[in-house]
Amino acid sequence: MGDALVHAVDDVTVSVRPKEFVALLGSSGSGKSTLLNLMAGLDRPTLGAIFAHGRNLAEMSSEDLAQHRSRTIGMVFQAFNLLPRMTLEENVELPLRLAEVDRNERAGRVREAVDRVRLSARLTHRPSELSGGEQQRAALARALVNRPTILLADEPTGNLDSATGDAILHLLQEINESLGMTMVMVTHDRDRAARYAHRIITMGDGKLLSDGNRI
Amino acid sequence: MKTRDLTELAARNLREAVLRNSLTTLGIAVGVASLVAMLSLGVGLQELANKRLSKSGLFDAVFVSSKTNQRGLGRQNPPESPAPKEPAKILDDEARQKIASLTNVVEVYPEIRFPSEIQLEGKPYSTTVAGIPASAKAEGAFDGMKGNFFSSQNADEAILQIEFAKDLSSQPDLLIGKSLVMRYAERQALPVEPGGNKSAAAPGAKSSDEGKGLSPGFSIVPKEKTFHIIGIVETEPATGIGGFGRGRLLIPLQVAETLRITQANDLRGILRRSGSQRTYDSLTVRVKSPSQVKSVEDAIQHMGYGTFSLLDATKSLRLVFAVFDLFLGIFGSLALAVASLGIVNTLVMAILERRREIGILKALGAADRDIRRLFFAEAGVMGLLGGIFGVTLGWLIGTALTFGTNVYLHKRDLPPIDLSSVPWWMVASAIAFSIVVSLAAGIYPASRAAKLNPVEALRYE
């Protein structure tokens, strides 16, 4: 990530360059999600180091890790993970609350993020009133709202039909290109990984199987 | 997270599980209510007792007497004992005015009580008449009296004690509005004759030298005065020291004073070297509140008079009520302690239910501290709402108890009372206590939620 080296899972060494779009490929249980969580600072390695922007996540306090998740990382999940009782707007605003962004600034930032995923018409809707694709776009807007440098996506198309999934991946690609955001996407769909990512890293049983361009 | 955002999120979470949170809040409210109801009863009973006692006129009064009035009556000091440092201070009008001008003194008045012959519709009745000061109106004795209290201290009006009224008529109520004639013995001062008193001319009198310095004395003349009966009182209002002086026909004290009625102590007074000046055997000093009795008593003692008050009795009464309130408070708090377990339960349940949400919040950048504060805020809000609702409920319980008691008292022809009292300090401290207890109950759930592993929490379905 960034200029940093990432050592993770079992003897895995991966490095992701800035603005790169990397796909982490592997079957379930291959350790790809764990690697993603380690990058996100949601989990800590028992051994080794994870560097993001020159700082070792493994040595950070839980407070600093929270800061890392808040300012550096944006996350998108397979299950969208929107809070069901909040409207789209409130869901997108949530990271801004957690990052203690000034109230006056929030509305503009939310609008910007929602515009980018083309959901402006749905601001007051609750997640249950949105389609799967819309929910994932809302989750994407939430991940973007704090203007992180790294976007981590855990099977973002896993719960979507193929057309909608393509639309989401297209959006990710667009964001990667227009904002220059570094992306790591966990997927088990080799074709799509090949279509959208700059580089594919394959994992199996917690080990790195291959790391290269468009395998 | 900023406090405002935190509060908004907490309020939103509470609204979400509205039934469970309401029930928990209700549990706290019941706890607070029981605490408030108990304490309000304790404080109410204390206030009631204080009010009744102060109304009795015993606890806010200082009884003043001339220090040496017994010794002055011919009893000589034993030769070996030193003579008093200063002459006996006499309770005269000057002393009365001086005492009346002390701070916190409401009224200073002598005890006036004398035997009299009453004429009502031509029939004679003998009874005891007492002069009643204006401040007596506030005393409990006149609560629920029939008719009215004296319109002024100068009015020729009389209030009958019920037993006496029954003696006068089989239908005592009809006596109000009638007039009666009171016979009394008037003191008429005799003129001072040069060289001694008037009695010098009497047969067998000693030489005029022996009468020097004695007051000229007075003659006693029967007089009559008409009074309008304006009221009937159930009890005999206390007058004088310790409330022992009682009368069955009550007239305004000021009227009684202007009549120059001969009283028992006049016999003693005539022997003193007080000239023609009016002296008092004792004076009753009415003080603003029982708490000021001590300072007034000290000031009067400093002036050189003997004093007597029932201050110590109120002190021990206060102690009894302090212990009483403490125990009521402890019993009331037990319900709140049980309610706090409800908070622990609700919040622990909320953690299980909101595991995933906690995981999401952490993934989005929430620190452990934010999660802990969020759960704390929820406990605090429940405590605040429970406190407010509980105080209201407790007040309602107290009011209902007062109402019920008053219905009971009314049936027995007794005056109504204020059984419970919820002063502002009780409202504030009950709400504060409720919040503190709720926050304490939130410590365990909040730290448990904060420690939740986000990866596991996100995996939770």
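In this predicted model, strand 4 and strand 9 (residues 249-252) of chain B run parallel to each other and are joined by four bridges. One place to look is Val129(B), whose bridge partner in strand 9 of chain B is Leu249(B).

Strand 4 (residues 123-132) of chain B also pairs with strand 3 (residues 113-120) of chain B, this time in the antiparallel sense, over eight bridges. If you follow the chain from strand 3 to strand 4 of chain B, you pass through a hairpin with two residues between the strands, where Glu121(B) takes a positive phi near 50°.

Let us stay in chain B and move on to a helix. Helix 9 (residues 355-363) of chain B is mostly covered, with eight of its nine residues buried. Among them are Ile358(B), Ile360(B) and Leu361(B), and also Arg355(B), Glu357(B) and Lys362(B). Just after helix 9 of chain B comes Gly365(B), with a positive phi of about 115°.

Now turn to chain A, where six strands form an open sheet in the order 6-7-8-3-9-10, with mixed pairing. Strand 6 (73-76) and strand 10 (207-212) of chain A each have a single partner strand, so they stand at the edges and one side of each is left without a neighbour in the sheet. On average, neighbouring strands of this sheet are turned by 15° against each other, direction ignored.

At the edge formed by strand 6 of chain A, the partner is strand 7 (residues 150-154) of chain A, which runs parallel to strand 6 and is joined to it by four bridges. Within this pair, you can find Met75(A) opposite Leu152(A) of strand 7.

Terms used: Residues are numbered from 1 along each chain as its sequence is written. Chains are lettered from A and ligands numbered from 1 in the order in which they are written. This is a predicted model: local features need pLDDT of at least 70, side-chain atom pairs count only at pLDDT 80 or more; totals for chains, interfaces and linings use all residues. Two strands pair if DSSP finds at least two bridges between them. Axes are lines fitted to C-alpha atoms, for helices over the stretch in contact, and angles run from 0 to 180 degrees between N-to-C directions. A residue is buried if 20 or more other C-beta atoms lie within 10 Å of its own, exposed if 12 or fewer, and partly exposed in between; C-beta atoms are placed from the backbone.
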